[in-house]
Amino acid sequence: MSLQSKVRIAVLAVFVAFLTLGVWQRIAAQDDVFHIVKGVVKSVDKDSRTMVVKATDGTEHTIKWTDKTTMEGGKDVGKGVTEGSKVSVKYTEKAGEKTAVGVKNVGKATAKAVQ
C-alpha cells in the first residue's frame with residue numbers, strides 16, 4: 001500500500017469520525033430542548049419536589065425540581081416558591097415529565113418595575 005493511499009484512508013477516517021460526532025451531538029441536543037411557562041403557582045409539594053403552575057392560557061403544568069434547579073437569588077426552590085407566586089419556569093420535558101432548570105419569581109420583579 002502506497003503512502004498516498006494511507007493518507008487518503010486516514011483523511012477519510014477523520015472525516016467519518018467528525019461526521020459521526022456531529023450527528024451524535026445533534027441527537028443529544030434534541031433531548032435538551034427548553035420550554036418556558038409563565039403563570040401562578042397553584043400548589044407546592046416539598047416532599048415530592050413538585051409544583052403546579054397555572055399558565056396564563058389556563059393550562060396547569062406539574063413541574064418537578066432537582067438539586068440542580070436554579071432559583072433567582074440563590075434560594076432553594078422549595079423555599080423561594082410559594083402558592084400564589086407569579087413565576088417563570090424554564091424546564092425540559094422527557095417522557096412527559098417536566099423538570100425545572102430555572103425558576104424566576106416574576107411577581108417581585110414586576111412590583112419593583114412599577115414602583
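**Exercise 1.** Is K42 buried, partly exposed or exposed, and what is its relative accessible area?

*Solution.* This is a predicted model, in which local features need pLDDT of at least 70 and side-chain atom pairs count only at pLDDT 80 or more, while totals for chains, interfaces and linings use all residues. Residues are numbered from 1 along each chain as its sequence is written, and side-chain values use heavy atoms, with hydrogens and water left out. Buried means under 20% relative accessible area, exposed over 50%, and partly exposed in between (1.4 Å probe, protein chains only). With a relative accessible area of 42%, K42 is partly exposed.

**Exercise 2.** Find the salt bridge of K42 and state which strands it links.

*Solution.* A salt bridge is a side-chain nitrogen of Lys or Arg within 4 Å of a carboxyl oxygen of Asp or Glu. By this rule, the side chain of K42 meets that of E60 at 2.6 Å, N to O. K42 lies in strand 1 (residues 35–45) and E60 in strand 3 (residues 60–64), so the pair ties together parts that are 18 residues apart in sequence. Strands (E, at least two residues) are DSSP runs, numbered from the N terminus. E60 is itself partly exposed, at 45%.

**Exercise 3.** Locate the partner of E97 and describe how the two residues are placed.

*Solution.* E97 forms a salt bridge with K64, their closest N and O atoms being 3.0 Å apart. Because E97 belongs to strand 6 (residues 97–105) and K64 to strand 3, the pair ties together parts 33 residues apart in sequence. E97 is partly exposed at 42% relative accessibility, and K64 is partly exposed at 27%.

Conventions:
Helices (H or I, at least four residues) and strands (E, at least two) are DSSP runs, numbered from the N terminus.
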